[in-house]
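Welcome! Please take a look at the sequence and the structure shown here before reading on.

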Protein chains: 6
Amino acid sequence: MYELGVVYRNIHRAERAAVDRLARFGVATVHEAQGRVGLMKPYMRPVYPGARIAGTAVTVLLHPGDNWMLHVVAEQILPGDIVVAGVTADCSDGYFGDLLATSFRARGALGLVIDGGCRDVRDLTEMGFPVWSRAISSKGTIKATLGSVNIPVVCAGMSVKPGDAIVADDDGVVVVPAARAREVADAAAAREASEGEKRAKLAAGVLGLDMYKMREPLAQAGLRYVD
Amino acid sequence: MYELGVVYRNIHRAERAAVDRLARFGVATVHEAQGRVGLMKPYMRPVYPGARIAGTAVTVLLHPGDNWMLHVVAEQILPGDIVVAGVTADCSDGYFGDLLATSFRARGALGLVIDGGCRDVRDLTEMGFPVWSRAISSKGTIKATLGSVNIPVVCAGMSVKPGDAIVADDDGVVVVPAARAREVADAAAAREASEGEKRAKLAAGVLGLDMYKMREPLAQAGLRYVD
Amino acid sequence: MYELGVVYRNIHRAERAAVDRLARFGVATVHEAQGRVGLMKPYMRPVYPGARIAGTAVTVLLHPGDNWMLHVVAEQILPGDIVVAGVTADCSDGYFGDLLATSFRARGALGLVIDGGCRDVRDLTEMGFPVWSRAISSKGTIKATLGSVNIPVVCAGMSVKPGDAIVADDDGVVVVPAARAREVADAAAAREASEGEKRAKLAAGVLGLDMYKMREPLAQAGLRYVD
Amino acid sequence: MYELGVVYRNIHRAERAAVDRLARFGVATVHEAQGRVGLMKPYMRPVYPGARIAGTAVTVLLHPGDNWMLHVVAEQILPGDIVVAGVTADCSDGYFGDLLATSFRARGALGLVIDGGCRDVRDLTEMGFPVWSRAISSKGTIKATLGSVNIPVVCAGMSVKPGDAIVADDDGVVVVPAARAREVADAAAAREASEGEKRAKLAAGVLGLDMYKMREPLAQAGLRYVD
Amino acid sequence: MYELGVVYRNIHRAERAAVDRLARFGVATVHEAQGRVGLMKPYMRPVYPGARIAGTAVTVLLHPGDNWMLHVVAEQILPGDIVVAGVTADCSDGYFGDLLATSFRARGALGLVIDGGCRDVRDLTEMGFPVWSRAISSKGTIKATLGSVNIPVVCAGMSVKPGDAIVADDDGVVVVPAARAREVADAAAAREASEGEKRAKLAAGVLGLDMYKMREPLAQAGLRYVD
Amino acid sequence: MYELGVVYRNIHRAERAAVDRLARFGVATVHEAQGRVGLMKPYMRPVYPGARIAGTAVTVLLHPGDNWMLHVVAEQILPGDIVVAGVTADCSDGYFGDLLATSFRARGALGLVIDGGCRDVRDLTEMGFPVWSRAISSKGTIKATLGSVNIPVVCAGMSVKPGDAIVADDDGVVVVPAARAREVADAAAAREASEGEKRAKLAAGVLGLDMYKMREPLAQAGLRYVD
């Protein structure tokens, strides 16, 4: 967030196989599997429902109302990447629309996560190019100021390094540091496996109170029942 | 909102027949029928569109970022209930997801109204288990602090007593005190009946100005027309 | 925004042919074609997705929590109009629902843009009567205070004069002064034409950096690449 | 929150002596002493800094943009009361100014807590009549709709019954049910006493880690130190 | 709000004598005297308490994050003016600080009203140059895009024409159209006069219920008292 | 933001002399001197006006509603430090009050910057211990979950590393990476020097248009004057 006017071309991306495995789980599961860290703020919403993607971050730092660097970042996209855009101050203008989406897709991007606004929602929905943004806005932006590409950025309250794994779905966006992608994917798989069994029990009417053995700690904490 | 660590097991629920009748009307109609009181704040939104439910409230008071009591309340659910969760301070974390939804459904709950966040939106949509919440968030919660079950709570600005009737749809959530459920259902039915006739007139081009005889009071208030 | 208790019956509407042409373009395109002015704030959202309309504004000024003047404005609607409602202070109450929608449609209105709340979302969706609003709320309003009809109003941060062209879609709402409708439609058409060619190039993998000849100005601004 | 058009003249006020004792402690202390319940939302701010009051609630339910009932509640004020005003829907209009403050003071009110807007800040500051509100707004209100006086209301997310003890200072507003006022005052006094000793230790450089014996539970929770 | 790149040098300012008289009244009084129109949104707050000014508007339209036009508007300031700045999209960056304040003051400006952010609060306080803004932010802005000077703008939800009278104090900001300044000053004076008498009665314990003769209309509306 | 349950005891603090020099400039100047990066979001406000501090960051990561780690971080404070607290999800509860302030001060802390709530405002003001926070709230917090101390955190949208220089005043909070503290202090000094000269010219009536030689670029951009 502190370096302006530079584009890092070589970044270390999270291992593809691990990222692909993360793609099978939802954001909530990955977030839990990582120990409840890495979640972007819940104001980040998908512009259309139903998308779920996992990829590697190429990052870009923008200035408010200026999308010049989105053209710069396009060149650094490799297939399987997700562009993650931070902004130096809050601004909900529409930095991104269908033309940039066409370009990003041609480079192999899976989607965009932007701490700003987005437009051309109808086109993006038809293209199936998912965007998570803080706002939908037609407000056009200018091309006047240098930010940076592939530096560490903050997006929606979370720090993102280039190459980190990103998972996004209807529940929001979670960041997994590149070095932890495999470990988190393992933990998510284990969690998912155990959840299947739990779900079956709960569906059969077993209470979480019993399944998680909560009655004793609740009583110790002082919970009392009144008829 | 003032009593912690207690679960009331016996509550007086609104009469089933009246609640079932309320289910036929929308939230806007019920709210008007009740005299324009009882509406939760409009930040409460359904996690997917199209659901409409009416049921009896089992209430739960949570602390910010702590969903322990959601397991406690599960045991108190009877078929036809809607869980209504208040929180002692604003916090949009994801207190509720598909596992708890599975458990609540197994107990007969029709849905959840929570003045906090919710996750697993995709699963909830597939299950058809409707939730009205102030946010969608994957942020996990802890199980450390006692709240209460079936005490009066405030949820989204409205006081709710256990057993009150709750109606929720795409327009929001309205609360009807248990003792007034029948009377409000009657008033809603009357309102709905009269609205059909009005709708037909308006569709035929009759103006509300004439149908509601507003021209005279408007003129008396001083309204003037300029050509 | 300063005159109360008056209804102007004769307004000069933007030329129909120009408005019809504007209807072919999205809000983002029209906003750009007009020079990036005229956009309402992005908190204005459609109550259901997918609608796109263009029409001429009949304006109404409301007081908070009072929808009396919506009945007055109904009489001034001509086919092809869009009602634009400003409010003298922020209030998200539900000023508008299916009965008024039925009346507005019978008069030929294409939709409503209201800097307040709206209800009966399910009915509006079924009717296909689009509304852009700042909130969805069932809160009923009263009929006690005079506003005005067809005076200049501010709606969601933008000034609107009666007769102005309004374009609204999933990206928001843009206002085009009546006198500029033809010129903006021309500019939008030119922009749309040029965008088709650009889209094809970008889809083929050409970078915006090259297509827009940005590399030199970026270098002059000091952008540097690090391997 | 559900009964309109009624004024309850006889209410049971919290014991004066207990309320007077509560006045010696700050809101934070009283809130903790009560078990961390009863706090209004933090958007409630004093219109000028430095005031601290404790009194008994006379409650009033208003409609958005309508302050008629503030004149009705004035008559029900007894010396030592604090008026607590809830509104049936969010609206930041200026319901209260120096004239009403003059009237309330003449009746013996200590201040006002209102889940809406307030005006005449300069006059209120000069008078020394404290108000906690969600906004400062000059927007005038009307007198058209009946609310109620001395029914249970929700104000800033907290339920308040007529007669409850209210404590308000720069930290916010807390509600103490009338029946618990003495017990909470006792607990607050005990807490305050113990805090003096703690403060002295901390000022002398003793760490909370040691004073509260946290090192062992932290280690058990897994905290590790890295040099 | 629709014309870019133009500076109008000759504007018709509200009559000085009327503006000077408006300066004697608070914003709340002027707003009421004008019929409850003209008030900017309550998010506009003074950067320090206690200022009260009245002057004539010179207007400027800015783009988000760009303060170039504040230098252009400086040249158009005459003694007694207040600069009113609208922005084409919400952006809380710090457009204005002590250097511009020094320049504006040298030209005779009484203050600034800006629908954006402001910085150098300490210096502005020491200078006694009052600013009403939506935020305090140190975020620097650029000088890249043309707005306009002395066109009609929207500022904080209210339309302002160059030359309009502006009154601002701790209660907010109100706009009085130039042509109405004298009439509104008269009405404000009348209101102020009558308020003095009312204040004395209320201070003596007379109730608004009696002074305004509200008991009968309240009873007719159905208000009932319960002992 | 990704590592839980660890306390780093040895951190590299920004050079004291450079930090002391930064203390002489305001946040706005330092932010500009650094190239317009490093600013926290403007919702961060001081709990009382007039404080200005510069120090070195000791960082702490908290969970929503849990202040346990504030006791852990206290031990890591050295004289001249400022504690910077990030939270894993938005929560405005009151994590910090006069007891912790007493402890922090005893350790030599200059102040606290917390992306959460703060209480005991009156005591903090009397002590002169400055806090920048997102809210003032009496809501008590628990001590149940491990965060970390002296890891990189995000606070109010900005990434902060342990040892970074922090400058805070009435305009907000800016972060200067430790390695850049001297360079930024130099740039701030140069900027401040040049501003003195500019201020004098502007005060004498010279326009920014002339002083900054803006007339030509404005004309080239197309600005036109109309009489």
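## About the model

This is a predicted model, in which local features need pLDDT of at least 70, side-chain atom pairs count only at pLDDT 80 or more, and totals for chains, interfaces and linings use all residues. Residues are numbered from 1 along each chain as its sequence is written, chains are lettered from A and ligands numbered from 1 in the order in which they are written, and side-chain values use heavy atoms, leaving out hydrogens and water.

## Helix 6 of chain B

Let's begin with helix 6 of chain B, residues 181–203. Helices (H or I, at least four residues) and strands (E, at least two) are DSSP runs, numbered from the N terminus. The expected span of a helix is 1.5 Å times one less than its number of residues. For the 23 residues here that should give 33 Å, and the end C-alpha atoms are 32 Å apart, which agrees.

Among the buried residues of this helix are B:A181, B:V184, B:A185 and B:A188; buried means under 20% relative accessible area (1.4 Å probe, protein chains only). Their cover includes helix 1 and helix 2 of chain B, together with helix 4 of chain C. Just after the helix, B:G205 takes a positive phi of about 100°.

## Helix 4 of chain A

Seven of the 10 residues of helix 4 (residues 98–107) of chain A are buried, so this helix is largely enclosed by the rest of the structure. The buried residues include A:L99, A:L100 and A:F104. They pack against helix 3, strand 4, strand 5 and helix 5 of chain A, together with helix 6 of chain C. Next comes A:G108, with a positive phi near 105°.

## Where chains F and D meet

How is chain F superposed on chain D? A rotation of 120° with 0.0 Å of shift along its axis does it, with an RMSD of 0.0 Å, by least squares on the C-alpha atoms of residues with pLDDT of at least 70 in both. That is the relation of a three-fold axis. In chain F, the C-alpha nearest the axis belongs to F:P49, 6.5 Å from it.

The contact (heavy atoms within 4.5 Å) takes 35 residues from chain F and 36 residues from chain D. Across this interface there are five salt bridges, each a side-chain nitrogen of Lys or Arg within 4 Å of a carboxyl oxygen of Asp or Glu. The side chains of D:E32 and F:R119 meet in a salt bridge at 2.9 Å, N to O. Helix 4 of chain F gives the most to the side of chain F that touches chain D, with six residues.

Terms used
Buried means under 20% relative accessible area, exposed over 50%, partly exposed in between (1.4 Å probe, protein chains only).
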